[in-house]
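Let's take a friendly walk through this structure, from the overall fold down to a single residue. Have your viewer ready and follow along.

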Amino acid sequence: MFDPELIVPKIAAPLSLMLLYLVVFWVSKWAANKCTAYDINTEISEKHNRAVAISLSGYLISVTMIFASALLGPSNGILQDLLVVGGYSALGIILLNISRLVNDKLILYKFDNKSELVDDQNEGTGAVVAGSFIASGLVVAGAIHGQGGGIYTAIVMFVVGQLALIAFSKIYNLITPYDIHDEIEKDNVAVGVAFGGTLVALGIILMNGSSGDFVSWGENLGKFIFVSCGALIVLPIFRYIMDKCLIPQYDLNNEIHNDQNISAGILESVMVVCFASIVFFAI
């Protein structure tokens, strides 16, 4: 029998959260526009700038992951849930816009990211920025999922995660037979796609390290550092193996570097993300 007193609360809770998500989505877009030296709407709508659209897509995916992760905790009533989810989402938006600066100054630091995205409409740069956003979002999403943690644990994990991203970008540049900055600046989209996808793969593994119940700073940070160090070792090894075994009759590095083969860059991204997903569930 239809009972409005039972049905209305069941509808009100998810409807309220969906409305909150629309607010968070709008605020995140507004914040992104305020934190960039260009107008996102103009770049996408009037100039059809795919590079900016790609980077913005990574940012919005990250905001959504953080929002969804905040939803996964136990419910404490609709009002409390709205405050918690909204609060963590606001924190996530702030941290993601900080990660943009980290990417600009410490990951893709050999050229002006704004110039590459806006003036050159460099899709490779957009792919790396999107990958950096998603990796950062995964770390924050993991940190806020679990009992006992809070704002401080999310911030600390984010900071350590940014250090891991910076360290990995250095290692990745060392293990490739080309300089990723030079290639991306030359509009080699394949290199940007491959590197951006590898950053996402790193973020998936780091999410394992940042997630779970908060026990103590020593135990949780120890776990995150252990997982981070493992990722910095295992991902380059997997990339080397993949380069030799995935398409043995072709040199994947040559396809990405010399031939600027975007298909090869996509393939590398997908394979390393798949591998990272297995690592996530295996450890």
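Helices here are DSSP runs of H or I with at least four residues, numbered from the N terminus. With that in hand, the pattern of this predicted model reads α-α-α-α-α-α-α-α-α-α-α-α along the sequence: 12 helices and zero strands.

Now for the overall shape. The C-alpha trace spans about 65 × 45 × 40 Å along its principal axes. A compact globule of 283 residues would have a radius of gyration near 19 Å, so the 20 Å of the protein chain agrees with that. Of the 283 residues, 48% count as buried. Among contacts with a separation of 6 or more, 77% join residues 24 or more positions apart.

Next, turn to helix α12, residues 262-282. Its 21 residues reach 30 Å from first C-alpha to last, close to the 30 Å expected at 1.5 Å a residue. At its start, a side-chain oxygen of Asn261 comes to within 3.0 Å of the backbone nitrogen of Ser263. Which residues of α12 are buried? They are Ala264, Gly265, Glu268, Ser269, Val272, Ala276 and Val279. These residues cover an arc of only 135 degrees around the axis, and therefore lie on the same side of α12. Their packing partners are α7 (151-175), α9, α10 and α11 (252-257). The face turned away from the buried side carries exposed Ser263, Ile278 and Phe281.

Finally, look at the loop between α9 (189-210) and α10 (217-245), where Ser211 lies. Is Ser211 buried or exposed? Ser211 counts as buried because its relative accessibility is 16%, under the 20% cut-off. Beyond its neighbours within four places in sequence, Ser211 contacts Gly142, His145 and Lys223.

Note on methods:
Residues are numbered from 1 along each chain as its sequence is written. This is a predicted model: local features need pLDDT of at least 70, side-chain atom pairs count only at pLDDT 80 or more; totals for chains, interfaces and linings use all residues. Side-chain values use heavy atoms; hydrogens and water are left out. Helices (H or I, at least four residues) and strands (E, at least two) are DSSP runs, numbered from the N terminus. Buried means under 20% relative accessible area, exposed over 50%, partly exposed in between (1.4 Å probe, protein chains only). Contact means heavy atoms within 4.5 Å. The expected span of a helix is 1.5 Å times one less than its number of residues. The arc is that of the directions from the helix axis to the C-beta atoms. A polar contact is a pair of N or O atoms within 3.5 Å; within protein, one must be able to donate a hydrogen and the other to accept it, and residues adjacent in sequence count only if both atoms are side-chain atoms. The radius of gyration is taken over C-alpha atoms; the globule rule is 2.2 Å times the number of residues to the power 0.38.
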